[in-house]
Amino acid sequence: MAGYAVMIVVATSLTYFLASAFLNPRSNYESKTPRPPQESIERSLDEANLNDKTPVVERYLRWAEGVVTRGDLGITPTGDSVGRIISVRMVVSAQLLIASTVLSVLIGVALGVYTAQRQYAWQDRVTGAFASVLMVIPTVVFAILVVFVAIEINQLVGARIFFVTGMSSYDGGNPLLWLVDLVQHIFLPTLVLTVLGAVGYHLGQRTYLLDEMHADYVRTARAKGLTRRQAVRRHALRASLIPTAVSVAFSIASVFTGAVMTEKVFGIHGMGEYFINAVNGNDINGVVAVAAFGGVCTLVGALLADLFAAALDPRIKMS
């Protein structure tokens, strides 16, 4: 635990220095038309702790003090609170990505187990062919195809069943109508992320289970009288789920920051989009905040990976 925490501090600190070296917040002010007075530019940069005329170590220590003592992640070049932006974006990404992650894991693992037990049968070949096609289709292309299909469905029905941008459009107080509106908005991006995510888990789980099914301990179990199905269910399946569970745990960071293209296509203002905007906008504090958040998610994932491995493999003992 302490080792992971130290790595997060080191990684976040390195990100701060790298972002300070490559991003230029000063250009945000100097490129304005009309150009603000030089004194105003310097004052704005000092207030945001982004003035490149101040030594970077001094800026870093001031930023770190704010994080440790006040939980203050700093402000953007435009004067907005990074912490407030992160909290809003995190909720948006969570609404979109938690459901798609759960569904992709369940569907992908189930397909992997199903096809592994039917290796080279028509079910395995058909699902493998679809998986191979989906693996090479870029996320943007697949998302745009889904949008076109949804628009055609809306036109055929004569009503807006699917929304292709944003996360909500209902401003009333009826919770049922709010829920329906939310589902109409997140259905398409959730579908995209679920399908593409399930492909990876399907192929991975199939490979893991096939490896375990041909292991010596499974042959021994069958030699002792277990049927093939019983040996797979009692021994091989449990062992094959360990690497899948570990990969799911370590994907927590990407759950919040890895849907950049999907968020762009569907006009969703989540963490992935914010990271790209922060880089493009020379927002040093924003970039570092996203990196720190990703590090914390990775730490949580590492702890969950240990718990999952211990739960699935009785030989592993948690200290």
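This is a predicted model: local features need pLDDT of at least 70, side-chain atom pairs count only at pLDDT 80 or more; totals for chains, interfaces and linings use all residues.
**Exercise 1. Helix 1**

Task: Compare the reach of helix 1 (residues 2-22) with the span expected at 1.5 Å a residue. Then find which residues of helix 1 are buried.

Solution. 
- Helix 1 has 21 residues, and 30 Å separate its first C-alpha from its last.
- The buried residues of helix 1 are Ile8, Thr12, Ser13, Tyr16, Ala19 and Ser20.
- Down the axis of helix 1, these buried residues fall within an arc of 130°, so they line one face.
- The other side of helix 1 carries Val6, Leu14, Leu18, Ala21 and Phe22, which are exposed.
- The general rule behind such faces: an α-helix has 3.6 residues a turn, so residues three or four places apart point the same way.

**Exercise 2. The whole chain**

Task: State how many helices and strands the chain has. Then describe its extent, burial, surface and charges.

Solution. 
- The chain has 14 helices and zero strands.
- The C-alpha trace spans about 85 × 60 × 40 Å along its principal axes.
- Of the 319 residues, 41% are buried.
- Take contacts between residues at least 6 apart in sequence: 69% of them join residues at least 24 apart.
- The accessible surface is about 17200 Å², and carbon and sulfur atoms account for 66% of that surface.
- The chain has 25 positive and 22 negative charges, and their mean positions lie 14 Å apart.

**Exercise 3. Helix 4**

Task: Check the span of helix 4 (residues 56-70).

Solution. 
- Helix 4 has 15 residues, so at 1.5 Å a residue it should span 21 Å.
- The end C-alpha atoms of helix 4 are 21 Å apart, which agrees.
- After helix 4 comes Gly71, with a positive phi near 65°.

**Exercise 4. Helix 6 and its cover**

Task: Check the span of helix 6. Then find its buried residues and what covers them.

Solution. 
- The 15 residues of helix 6 should span 21 Å at 1.5 Å a residue. The end C-alpha atoms of helix 6 are 22 Å apart, which agrees.
- Gln123, Asp124, Ala131 and Leu134 are the buried residues of helix 6.
- Those buried residues fall within an arc of 100° seen down the axis, so they line one face of helix 6.
- The cover over the buried residues of helix 6 includes helix 5, helix 7 and helix 8.
- Trp122, Arg125 and Val136 are exposed on the other side of helix 6.

**Exercise 5. Ser104 and Gly158**

Task: Decide whether Ser104 and Gly158 are buried or exposed.

Solution. 
- Ser104 is in helix 5 (residues 82-116).
- Buried means under 20% relative accessible area, and exposed means over 50%.
- The relative accessibility of Ser104 is 4%, so Ser104 counts as buried.
- Leaving aside neighbours within four places in sequence, Ser104 contacts Val109, Leu193, Thr194, Gly197, Ala198 and Tyr201.
- Gly158 sits in the loop between helix 7 (139-157) and helix 8 (175-213).
- The relative accessibility of Gly158 is 67%, so Gly158 counts as exposed.
- Gly158 is 107 residues from Asn51 in sequence, and their C-alpha atoms are 55 Å apart.

**Exercise 6. Backbone exceptions**

Task: Find the cis peptide bond joining Thr33 to its partner. Then examine phi at Tyr120 and Asn282.

Solution. 
- Start with the background: most residues other than glycine have a negative phi, and most peptide bonds are trans.
- Thr33 and Pro34 are joined by a cis peptide bond, with omega about 0°. Pro34 is in the loop between helix 2 (26-30) and helix 3 (38-47).
- Tyr120 is not a glycine, yet its phi is positive, about 70°.
- Tyr120 lies in the loop between helix 5 and helix 6 (122-136). With a relative accessible area of 56%, Tyr120 is exposed.
- Asn282 also has a positive phi, near 55°.
- Asn282 is in the loop between helix 13 (271-280) and helix 14 (284-312). At 14% relative accessibility, Asn282 counts as buried.

Technical notes: Residues are numbered from 1 along each chain as its sequence is written. Side-chain values use heavy atoms; hydrogens and water are left out. Helices (H or I, at least four residues) and strands (E, at least two) are DSSP runs, numbered from the N terminus. The expected span of a helix is 1.5 Å times one less than its number of residues. Buried means under 20% relative accessible area, exposed over 50%, partly exposed in between (1.4 Å probe, protein chains only). Contact means heavy atoms within 4.5 Å. Accessible areas come from the Shrake-Rupley method with a 1.4 Å probe; for residues, only the protein chains shown count as cover. Lys and Arg count as positive and Asp and Glu as negative; His and the chain ends are not counted. The place of a charge is taken as NZ of Lys, CZ of Arg, CG of Asp or CD of Glu. The arc is that of the directions from the helix axis to the C-beta atoms.
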